[in-house]
Amino acid sequence: MTVRPIRIFGDPVLHAPATPVEEITDDIRTLVADMFETMDTAPGVGLAAPQIGVGLRIYTYSYTDDDDLPWRGVLINPELWMRPLEPGDPDPDTESEGCLSFPGERFPLRRSEEVLVTGLDLDGAPVRIEVTGWRARIMQHEFDHLDGILYVDRLSDADWKTTQKIAKKQGWGVPGHSWMPGVDPIDA
């Protein structure tokens, strides 16, 4: 397993739809192992293949809830259905999220409270996941990456403008920026 560099906002692979996986090969298995290693080292609760420069429809996730119940897996070629969003502004204390591809920042974002995700596991077996709360947020966030959408693209106008200022100050928003988990600080 290898920790891979995480691409930062502005890299073209982050802003383009990913391609479906046609066959689960040893290369795909190695990629998934590297994704878990990278996600765990970062540390993060999810990682999509485009975040490490691979434009395929794969993401990993790992989360432990308040009851210390671990939840970990991979989805290949996922499809997502969600309940409509509740109207209103997001609560900055309970609905803020961050992203390994926009490191060191968090912004409030309203997400659906309940989702259904289907796809394949690493053995090619069908997977069906119905989750709520933070697990639903993780599924939506990672699924967005597969469509070339970063969470900052969904923010309110004021927060979006703030992200643009941050990106400009950091030199992001252009190809070629990444950070290495375990080596670079999280605010790379």
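Trainee: Over the ring of which residue does the charged end of arginine 57 sit?

Mentor: This is a predicted model, in which local features need pLDDT of at least 70, side-chain atom pairs count only at pLDDT 80 or more, and totals for chains, interfaces and linings use all residues. Residues are numbered from 1 along each chain as its sequence is written, and side-chain values use heavy atoms, with hydrogens and water left out. A charge sits over a ring if NZ of Lys or CZ of Arg is within 6 Å of the ring centre and within 35 degrees of the ring normal. The charged end of arginine 57 lies over the ring of phenylalanine 143, 5.5 Å from its centre, and that of arginine 137 lies over the ring of tryptophan 134, 5.0 Å from its centre.

Trainee: How many aromatic pairs does a search of the whole structure find?

Mentor: A pair of aromatic rings is described by the distance of the centres and the angle of the planes. Rings of Phe, Tyr and Trp (its six-membered ring) pair if their centres lie within 6.5 Å, and planes under 30 degrees apart count as stacked, over 60 as edge-to-face and the rest as tilted. The search finds three pairs. In one of them, tyrosine 61 and tryptophan 71 have ring centres 4.5 Å apart and planes at 40°, so this pair is tilted.

Trainee: Are tyrosine 61 and tryptophan 71 buried or exposed?

Mentor: Buried means under 20% relative accessible area, exposed over 50%, and partly exposed in between (1.4 Å probe, protein chains only); both tyrosine 61 and tryptophan 71 are buried.

Trainee: What is the arrangement of the rings of phenylalanine 102 and tryptophan 172?

Mentor: Their centres are 5.1 Å apart and their planes at 80°, so the pair is edge-to-face. Phe102 and Trp172 form one aromatic cluster with Phe9.
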